[in-house]
Amino acid sequence: MSDASKIISIANVYKFFGPLKALNNVSLDIHAGEKVVIIGPSGSGKSTLLRSINRLETIDSGTITVDGKDINDSKNDINAMRMDMGMVFQSFNLFPHRTALENLTMAPIKLRKMPRDKAETMAMALLKKVGIDEKSSVYPAQLSGGQKQRVAIARALAMSPKIMLFDEPTSALDPEMIGEVLDVMVTLAREGMTMAVVTHEMGFAREVADRIVFMDQGEIVEVGTPQQFFEQTRHPRTQKFLSQIL
Ligand code: ADP
Ligand code: MG
C-alpha cells in the first residue's frame, strides 16, 4: 500500500524500563481503515506499544508518525495529535463525578470548542449508538462494567478520532458483558474505523482483524492474516502461545 494511506508508522522502536527492554526494534504500519489486532503473552509489550503511539510512554529510539507527523518532534503539538487518537483502557477510566453524557461532552466542548448544545446532541447520538442512551444522566458508579466500557468507547468517539486504540477493553469484564462491548467494536470496524486492538478475544481477532500482530518479549514475532496466524503459523513462539490459549 502507498505511504499516503499509512495512518500510523512505527519504525525501529525501542523502549526500556531500566534494564528491561519492553520494545525491541518494533516496526509496524497501520493503514487507513485497517484493523490490527495485537496479541501475545502478559508482559510482551502490547500496552507499551499502544501507549507509545499516543505518547503516554516516551520511546527511547526509533520513530512513530501519526498521519505523517512525528509524535516525538517537539514542533508537533502532541495534545492536538492526541485528539485524533481515541483510547479505550481495560479499566474504563471514566470521570467518576460526571454523568455518562458529561463524560462524552467534556472534551469536545473544551478541546474542540464545540457549542454545548451541539456536543450534547452528538453525545446522545453516540450513547444511542452504543445502546446506552437511557443511562445518559447516570454516574459511572451506577453502571455495570459493560455499560462503563460502552460509555468509554462512545467518549473516545465523541472526539471524532482518526484511529481508535483499544487496550484489552474486555479483560476487566464479567463474561456475560464481554459480548456487548465486542458488538460495539465490530460495528465500528464495519463502519471503516482504523483500529489497533490489544485483546485475548480470539473470536474477535479472527472475525475482525485484517492483520494479527503477535508479540513476545518486546518483539513483533510475526504479522499475518487471521488465517495465516491461526492455521499456518510455523513460528514456535506463536505455536506455544496458541496451544496455551486455544
Ligand atoms: P503487556 O501489555 O503485553 O502485558 P506491557 O507493555 O504492559 O506488557 O509491559 C511490558 C514489560 O514492561 C513488562 O515486563 C512490564 O512489567 C514492563 N513495564 C511496563 N510498564 C512499566 C513501567 N511503567 N515501569 C517498569 N516496567 C514496566
Ligand atoms: Mg497490557
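A contact here means heavy atoms within 4.5 Å. Keep that in mind while you display the protein chain, where, among contacts between residues at least 6 apart in sequence, 65% join residues at least 24 apart. This is a predicted model, in which local features need pLDDT of at least 70 and side-chain atom pairs count only at pLDDT 80 or more, while totals for chains, interfaces and linings use all residues. Residues are numbered from 1 along each chain as its sequence is written, chains are lettered from A and ligands numbered from 1 in the order in which they are written, and side-chain values use heavy atoms, with hydrogens and water left out.

Next, switch to a cartoon view and follow the nine helices and ten strands of the protein chain, which are DSSP runs (H or I, at least four residues, for helices; E, at least two, for strands) numbered from the N terminus.

Then colour the chain by accessibility: of its 246 residues, 50% count as buried, that is, under 20% relative accessible area with a 1.4 Å probe, protein chains only.

Now select asparagine 76, which sits in the loop between strand S5 (69–70) and helix H2 (78–83). Leaving aside residues up to four places away in sequence, asparagine 76 touches Lys69, Asp70 and Met81. Zoom in on aspartate 70, whose backbone oxygen lies 2.9 Å from a polar atom of the asparagine 76 side chain.

Finally, zoom out to the whole protein chain, whose C-alpha atoms fill a box of roughly 55 × 45 × 35 Å along the principal axes.

Definitions and conventions: A polar contact is a pair of N or O atoms within 3.5 Å; within protein, one must be able to donate a hydrogen and the other to accept it, and residues adjacent in sequence count only if both atoms are side-chain atoms.
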